[in-house]
Amino acid sequence: MNELWNLYAAFFRIGILTFGGGLTMLPLLKYELVEKRHWVTEETLLDCYAIGQCTPGIIAVNTATFVGYKRKGIPGGIVATLGMASPSIVIITVVALFLQALIEYPAVQYALMGIRGGVCALMLNTVYTLGKKSLINPACVAICAAAFVLTFFTPVPTVLVIVCAAVAGVILDRVTGGADK
Amino acid sequence: MNQAFLLMFEFFKTGLFAIGGGPATIPFLMEMAERYPWFTMSELSDMIAISESTPGPIGINMATFAGFRTLGLAGGILATLALVFPSIVIIIIIAKFLEGFHENRTVQAVFRGIRPAVTGLIAAAVLSMIRVSLFVEENGKLRPQVKSLILCAVIFVLLQWKKTKKLHPAVWFLFAAAVGIVFQF
């Protein structure tokens, strides 16, 4: 019981100190889980990160579940994930309440219009960075283009695009014999 | 009640198919904005700004915010739990039974296919967001909002510049908010 509480507290702390999630939190996880608490080795953490990136879901949650499970089985996995999600629920609810109360003011609306322009810039940058990392050969470019055209111009559900891309990945692997690694 | 069930179903689906972390949830959220009256595209843009500027993983923040907008506090909690549920199940199965899962050839092939597709999905989502945020529709024609377009271009250029590209997203949103107020967007 005590151990479960420790897991919850540790991941609550990680959740509150994480900005952005995903890869940005690796140094923090390393400090909290490997150096400070010695719960996992660095290799296990990196392994679990690799698994987190090739499984569905939020990478932070996948990592929390994995480490929690390794410590205390299924309850550990659940408790660690809840710890990770708890700060978000509190903070975001408070922000949402404030926003609801402030949205009437013209200055807030001007600010939001500005922020929407900023979001477009940051999102464009995300696509640009992801593109540089993931479009490494013509087959990748073709899959990316197909996914883009299907979602932007047709009402094909996102889930279907993902499933087709997975099938395309396997077919490509079998055709090229895994040579395009 | 029905609404709560639908909300949970949609976030469960997102948790199951959003591969690649936080940004990969955006195409799914956009689908929700189009299909349900829960939040608009502009509100989704606000959600992204808030999720990136507050502590916590972006994907979780987005779920909590979207859930709260839809059904209040209970909605935020339900959406978040629905989002993480598939992860918990899948990761526990992998941790228990599948030693070397991520080194398996087929698994790697699947994700080599999915990764570029996710880039395409996010690109489509960003383009839809640009259409809503930087243009207004008048009589079926798109009219650019010049101030927003310039601001977006300036921030994008600064994001490529060595000295400013490591700045925290919240800094950019504060800057954009200040510009929006001063120039009355």
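Select α7 (158–176) of chain A together with α2 (26–35) and α5 (105–133) of chain B: each supplies at least two residues to the lining of the second largest cavity. Helices here are DSSP runs (H or I, at least four residues), numbered from the N terminus. This is a predicted model, in which local features need pLDDT of at least 70 and side-chain atom pairs count only at pLDDT 80 or more, while totals for chains, interfaces and linings use all residues. Residues are numbered from 1 along each chain as its sequence is written, chains are lettered from A in the order in which they are written, and side-chain values use heavy atoms, without hydrogens and water.

Next, display the lining residues: Thr158(A), Ile162(A), Ala24(B), Pro27(B), Phe28(B), Val118(B), Leu121(B) and Ile122(B). A cavity is a set of points on a 1 Å grid over the protein atoms alone where a 1.4 Å probe fits but cannot get out, and lining residues have an atom within 4 Å of a point. The contribution of α5(B), 3 residues, is the most. By class, the lining has 7 nonpolar, 1 polar and no charged residues. The volume of this cavity is about 30 Å³, that is, the space filled by probe spheres set on the points.

To inspect the contact (heavy atoms within 4.5 Å), select Met41(B), Ser42(B), Leu44(B), Ser45(B) and Ile48(B) of α3(B) with Ser128(B), Met129(B), Val132(B) and Ser133(B) of α5(B).

Notes: 1 Å grid on protein atoms, 1.4 Å probe; cavity = no way out; pocket = protein on both sides within 12 Å on 5 of 7 lines; lining within 4 Å. Nonpolar A, V, L, I, M, F, W, Y, C, P; charged D, E, K, R; others polar.
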